[in-house]
Amino acid sequence: QRIIPFGFVAFVLIGLEQGVLGLFVAELGTKLTKSPEDLGLFFALHGLGSAVVTGSALIGWVERKNNKRIALASLSLCLGSILVVTGDGWLLKLIAAPLLGLGFGGLSMSFNTLFVTHFSQKNSGLLNVLNATYGLGAVAAPWLISQGLVTGSELFIVIALASITVC
């Protein structure tokens, strides 16, 4: 039953990603002297990445043929995390945004679906625990940064490296 530990890891990671994203992008905007509109574009592209995942799930034949959904979402989260940290220039940061969104949406949808289909009859509370692990990551990220334990860049590197384990 590898679904359970991988699901928990994935949800902590997407929680961390969401928790660090606002702080990191605000810091990035200051460093690159970007306007609020520019920063809004980053978040819009992130949302677009998540929407693509959700939209593709509504098309039955696409969903049936996509048996590598978790691996692709993990890879997308990894690449987006690396690119948002290492990419020089705003354009590369904007390319990272939909990759992060694809990873976020893909992992969330995939593991929620797996937990519902595999565990809802035996242990419906497991889905609640899965989603609670998202909250752990979402709270941990800003706390770790505010305590000076990690920077946003370091946290994105952790997300990138850990997302490989979910593949």
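Predicted model: local features only at pLDDT ≥ 70, side-chain atom pairs only at ≥ 80, totals over all residues.
**Ground rules.** I number residues from 1 along each chain as its sequence is written, and I take local features only at pLDDT of at least 70, side-chain atom pairs only at pLDDT 80 or more, and totals for chains, interfaces and linings from all residues. Side-chain values use heavy atoms, with hydrogens and water left out.

**Entry 1, helix 6.** I looked up helix 6, residues 125-146; helices here are DSSP runs (H or I, at least four residues), numbered from the N terminus. At 1.5 Å a residue, its 22 residues should span 32 Å, the expected span being 1.5 Å times one less than the number of residues. The end C-alpha atoms are 32 Å apart, which agrees.

I then listed the buried residues of helix 6: Leu126, Leu130, Thr133, Gly137 and Ala141. Buried means under 20% relative accessible area, exposed over 50%, and partly exposed in between (1.4 Å probe, protein chains only). Their cover includes helix 1 (3-31), helix 5 (90-119) and helix 7 (152-166). Just after helix 6, I noted glycine 148 with a positive phi of about 75°.

**Entry 2, helix 5 against helix 6.** Two packed helices are described by the angle between their axes and the distance between the axes. For helix 5 and helix 6 I have an angle of about 160° and axes 9 Å apart. The axes are lines fitted to C-alpha atoms, for helices over the stretch in contact, and angles run from 0 to 180 degrees between N-to-C directions. That makes helix 5 roughly antiparallel to helix 6 (under 35 degrees counts as roughly parallel, over 145 as roughly antiparallel, 65 to 115 as roughly perpendicular, the rest as oblique). The crossing is right-handed; a crossing is left-handed if the near helix is turned anticlockwise from the far one by less than a right angle, and right-handed if clockwise.

From helix 5, Phe104, Phe111, Asn112, Phe115, Val116 and Phe119 meet Leu126, Leu127, Leu130, Asn131 and Tyr134 of helix 6, contact meaning heavy atoms within 4.5 Å. I sorted this contact of helix 5 with helix 6 by class and got nine nonpolar, two polar and no charged residues. Ala, Val, Leu, Ile, Met, Phe, Trp, Tyr, Cys and Pro count as nonpolar, Asp, Glu, Lys and Arg as charged, and the others, Gly among them, as polar.

Helix 4 (residues 69-86) packs on helix 7 at about 160°, with the axes 8 Å apart. The two are therefore roughly antiparallel, and their crossing is left-handed. The helix 4 side of the contact includes Ile70, Ser74, Leu77 and Cys78, and the helix 7 side includes Ser153, Phe156, Ile157 and Ile159. By class, the contact of helix 4 with helix 7 has 12 nonpolar, four polar and no charged residues.

Serine 108 lies in helix 5 and is buried, at 18% relative accessible area. Apart from neighbours within four places in sequence, I find serine 108 in contact with Phe11 and Ile14.

Leucine 94, also in helix 5, counts as buried at 13% relative accessibility. Not counting residues up to four places away in sequence, leucine 94 touches Leu41, Phe42 and Leu45.

Leucine 92 is in helix 5 and counts as partly exposed at 32% relative accessibility. Leaving aside neighbours within four places in sequence, leucine 92 is in contact with Leu83 and Gly87.
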